[in-house]
Amino acid sequence: MYKKILIVALLAYAIFGSGLLDMLDKPAPKPEPPPAKILNIDTPSTSVLNRVKIFSNMVTDPTDRAKLAIFNYEFANRVASYNANSQQVNDVYTLAGKTFFKNTLVDKYDGLAEKITGILKHVMGDENHELSQDEKNKLKEYFLGIAWVLVQGG
């Protein structure tokens, strides 16, 4: 009986070769990790989300979405420390956008500039004035919200 088992084992080894034993020693393949997020942003509040979710549907190109998300994320994290009036903040956003994007977004997304201007006016109003820390914090919240919806897809 033992001889028959040994003969079968040797025949199997002879037919399948050493690859049979190698399969037993190989570790199971590890699952690939999910793709890394380009930005780590907390979920915005419902009021912010309701105002900025339009950006998710407006910007369709994945590369533009990523670039806009990064741009708005950086602006949001910097605006809270600015010592500026509302016109200066508007100018910084506009000039930084022109420098960063060059002409790649000009006339590409209908209404994008107007929606950004709407967020700025919603927080800062129409009159030029020195921004309070509360206004700067709200700008940060809204522009982080824009970045979030662009990364998350709405």
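Which residues of α8 are buried?

What we have here is a predicted model, in which local features need pLDDT of at least 70 and side-chain atom pairs count only at pLDDT 80 or more, while totals for chains, interfaces and linings use all residues. Residues are numbered from 1 along each chain as its sequence is written, and side-chain values use heavy atoms, with hydrogens and water left out.

Let's begin with the overall layout. The protein has eight helices and zero strands, and its pattern along the sequence reads α-α-α-α-α-α-α-α. Helices (H or I, at least four residues) and strands (E, at least two) are DSSP runs, numbered from the N terminus. Of the 154 residues, 31% count as buried. Buried means under 20% relative accessible area, exposed means over 50%, and partly exposed is in between, with a 1.4 Å probe and protein chains only. Among contacts (heavy atoms within 4.5 Å) between residues at least 6 apart in sequence, 81% join residues at least 24 apart.

Now back to α8. This helix covers residues 133-152, 20 residues in total. From first C-alpha to last it reaches 28 Å, close to the 28 Å expected at 1.5 Å a residue; the expected span is 1.5 Å times one less than the number of residues. And here is the reply to my opening: the buried residues are Glu 135, Lys 136, Leu 139, Tyr 142, Phe 143, Leu 144, Gly 145, Ile 146, Ala 147, Trp 148, Val 149 and Leu 150. What do they pack against? Their partners are α3 (46-52), α4 (54-58), α5 (62-79), α6 (86-101) and α7 (112-124). After α8 comes Gly 153, with a positive phi near 85 degrees.

Val 48 counts as buried, at 2% relative accessibility. Setting aside neighbours within four places in sequence, Val 48 is in contact with Glu 141, Tyr 142 and Gly 145. Its C-alpha and that of Ile 119, 71 residues apart along the chain, are separated by 10.0 Å.

Next, the rings. How many aromatic pairs does a search of the whole structure find? Eight! Rings of Phe, Tyr and Trp (its six-membered ring) pair if their centres lie within 6.5 Å; planes under 30 degrees apart count as stacked, over 60 as edge-to-face and the rest as tilted. One of the pairs is Phe 75 with Tyr 93, edge-to-face at 4.9 Å centre to centre, with 85 degrees between the planes. That pair links distant parts of the chain, with Phe 75 in helix α5 and Tyr 93 in helix α6, 18 residues apart. Phe 75 is buried at 5% relative accessible area, and Tyr 93 is buried at 9%.

Another edge-to-face pair joins Phe 100 and Phe 101, 4.7 Å centre to centre and 85 degrees between the planes. Phe 100 is partly exposed at 43%, whereas Phe 101 is buried at 8%. Ring pairs link Phe 71, Phe 75, Tyr 82, Tyr 93, Phe 100, Phe 101 and Phe 143 into a cluster.
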